[in-house]
Amino acid sequence: MKIQSNEKIETLKNNVKGQIVLPDDPNYDEVRKIWNAMIDRRPAVIVQCAEADDVLHAISYARGNKLEISIRGGGHNIAGSALCDNGLLIDFSNMTTVSVDAQKRRAYVEPGATLGDFDKAVQVHGMATPVGINSTTGIAGLTLGGGFGWLTRKYGMTIDNLVSAEMVTADGRKIRASENENEDLFWAIRGGGGNFGVITQFEFALYPVGPEILAGLLVFPMDQAKQVLQKYREFVKTAPEELNIWVVIRKAPPLPFLPEDVHGKEVVVLAVFYAGNIAEGEKLIDPLRSFGDTYGEHIGAQPYGQWQQAFDPLLTPGARNYWKSHNLTELSDGLMDSIIEFAGKLPSPHCEIFLPLMSGAANRVPSDAMAYGHRDAQFVLNVHGRWDEAAQDATCIAWAREFFEVSAPYASTGAYVNFMSGDEGDRVAAAYGVNYERLQQIKKKYDPENIFHNNQNIKA
Ligand SMILES: Cc1cc2nc3c(=O)[nH]c(=O)nc-3n(C[C@H](O)[C@H](O)[C@H](O)COP(=O)(O)OP(=O)(O)OC[C@H]3O[C@@H](n4cnc5c(N)ncnc54)[C@H](O)[C@@H]3O)c2cc1C
């Protein structure tokens with residue numbers, strides 16, 4: 001590791017309002033921890049920003065000392081791009097404020113805010129916008145890659161609701177990107193990841209949601225998976241966009257509403273969310289119960305903010321993770337067979353196959369409207385390899401890779417960069433498809449030296 005000269009570090013410390021954390025500091029290991037325990041990198045300098053100007057100093061210091069840069073929002077990215085070895089980490093963990101203008105239905109969000117911070121602040125006003133399903137995920141990385149969750153069928157992706165962003169560019173300018181200012185940059189950051197600059201504030205549109213919504217789980221036996229999936233495929237074709245249903249296939253966790261002898265067995269779970277009138281929602285979801293012989297269910301009216309944390313216990317930090325994903329324009333019978341085959345060989349109790357449902361508002365945005373272009377995706381196939389011990393690395397990674405290969409013939413083109421692992425750099429151009437060339441041009445304009453390369457990197 002490069003040793004930073006005391007004098008230079010002291011100047012940086014004096015310049016920033018936030019904290020500088022160095023390898024000898026007692027909190028260094030805690031500060032550099034991220035969600036995926038497989039990633040263990042040691043930055044030479046961590047700048048824990050307290051305000052946007054700290055980013056200017058951090059970039060200037062990194063450039064002056066030839067240090068590479070990484071940026072941490074919520075630290076969830078599976079590829080671990082928030083961290084770099086021997087470089088400078090711009091850490092937003094202490095910038096988590098979310099301010100709401102209820103009249104204008106806008107939220108102004110600092111880049112270290114988690115989805116939990118966001119939901120909590122906006123739900124005070126009975127509002128929300130589409131974000132992901134795990135409350136400890138960072139709003140920054142999620143938004144820059146695209147962002148989708150329970151409200152996506154109704155209100156689109158997170159980027160579809162991004163109104164503007166304040167940024168620091170590679171050459172140290174503080175600028176704003178929106179439909180009216182630096183439009184090319186605004187186009188690029190909506191899906192193009194952290195390639196174009198450092199976001200210091202996001203502005204989002206909000207909608208009235210909740211406070212109560214209808215949500216919960218229906219759990220079916222694995223030997224009924226094919227019929228459940230086929231009936232699900234038909235049902236969602238005509239389901240209203242207020243209703244979202246994701247399929248989760250995994251070994252049953254010890255949920256209190258499931259009989260004990262089901263715990264640890266492979267199951268098919270329908271995770272149901274309805275953001276409308278509760279009584280209407282109850283009627284609407286009733287047919288799901290006839291998809292098979294349920295092992296159990298737990299569905300009811302609950303606060304939106306509570307459901308936004310429902311999957312947190314299954315997605316805690318500290319486990320080892322390797323993910324793969326495909327976009328899907330349809331859920332074919334052949335894919336169902338592959339899902340069932342690989343569900344039969346889950347290599348750890350935490351591995352799972354997630355099928356988020358995308359159809360709706362997100363599909364009505366033209367594919368060249370912004371960097372994220374997969375507007376034909378009806379579903380996403382997300383292969384979550386997840387386990388505890390390093391000794392299981394090879395087996396769990398092999399399971400995810402093999403399933404990814406076998407399911408590839410059923411996938412559409414492109415990929416969601418936020419679900420790509422660290423070894424998928426050669427998939428980036430394909431992930432962006434026809435939008436890649438324009439992204440390269442914008443990269444050349446705003447970051448010609450590629451100082452922001454710890455990401456799914458767009459090479460000019
Ligand atoms: C458990 C779990 C659940 C998830 N669920 C969903 C889901 O429901 N829906 C969904 O769409 N995605 C989901 N994701 C994927 C998630 O969107 C990505 O992992 C995302 O990158 C996380 O953002 P972060 O800020 O926490 O990550 P970080 O690791 O902190 O950042 C990721 C990258 O984003 C860039 N970045 C971060 N902050 C900034 C900034 N301020 N300026 C410029 N660049 C920046 C950097 O390149 C950084 O390397 C999930 C991930 C996990 C691990």
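This is a predicted model: local features need pLDDT of at least 70, side-chain atom pairs count only at pLDDT 80 or more; totals for chains, interfaces and linings use all residues.

Author: Happy to! Let's begin with charges: Lys and Arg count as positive and Asp and Glu as negative, while His and the chain ends are not counted. The place of a charge is taken as NZ of Lys, CZ of Arg, CG of Asp or CD of Glu.

Reader: OK, so how far apart are the mean positions of the positive and negative charges?

Author: They are 3 Å apart, for 43 positive and 57 negative charges. Residues are numbered from 1 along each chain as its sequence is written, and side-chain values use heavy atoms, with hydrogens and water left out.

Reader: Thanks! How many helices and strands are there?

Author: The protein has 14 helices and 18 strands. Helices (H or I, at least four residues) and strands (E, at least two) are DSSP runs, numbered from the N terminus.

Reader: And how compact is the protein?

Author: Its radius of gyration is 22 Å, close to the 23 Å that the globule rule gives for 460 residues, so the protein is as compact as a globular protein of that length. That radius is taken over C-alpha atoms, and the rule is 2.2 Å times the number of residues to the power 0.38.

Reader: What share of the residues is buried?

Author: Buried residues make up 58% of the 460. Buried means under 20% relative accessible area, exposed over 50%, and partly exposed in between (1.4 Å probe, protein chains only).

Reader: New topic: why is strand 10 largely enclosed?

Author: Seven of the eight residues of strand 10 (residues 198-205) are buried, so the rest of the structure largely encloses it.

Reader: Which strands pair with strand 10?

Author: Strand 6 (residues 106-109) pairs with strand 10 in the antiparallel sense over four bridges, and strand 8 (residues 162-168) is joined to it, also antiparallel, by six bridges. Pairing needs at least two DSSP bridges between two strands. In strand 10, F202 stands opposite V109 and also opposite A165.

Reader: Last one: is K66 buried or exposed?

Author: K66 is exposed, with a relative accessible area of 69%. Its phi is near 50°, a positive value in a residue other than glycine.
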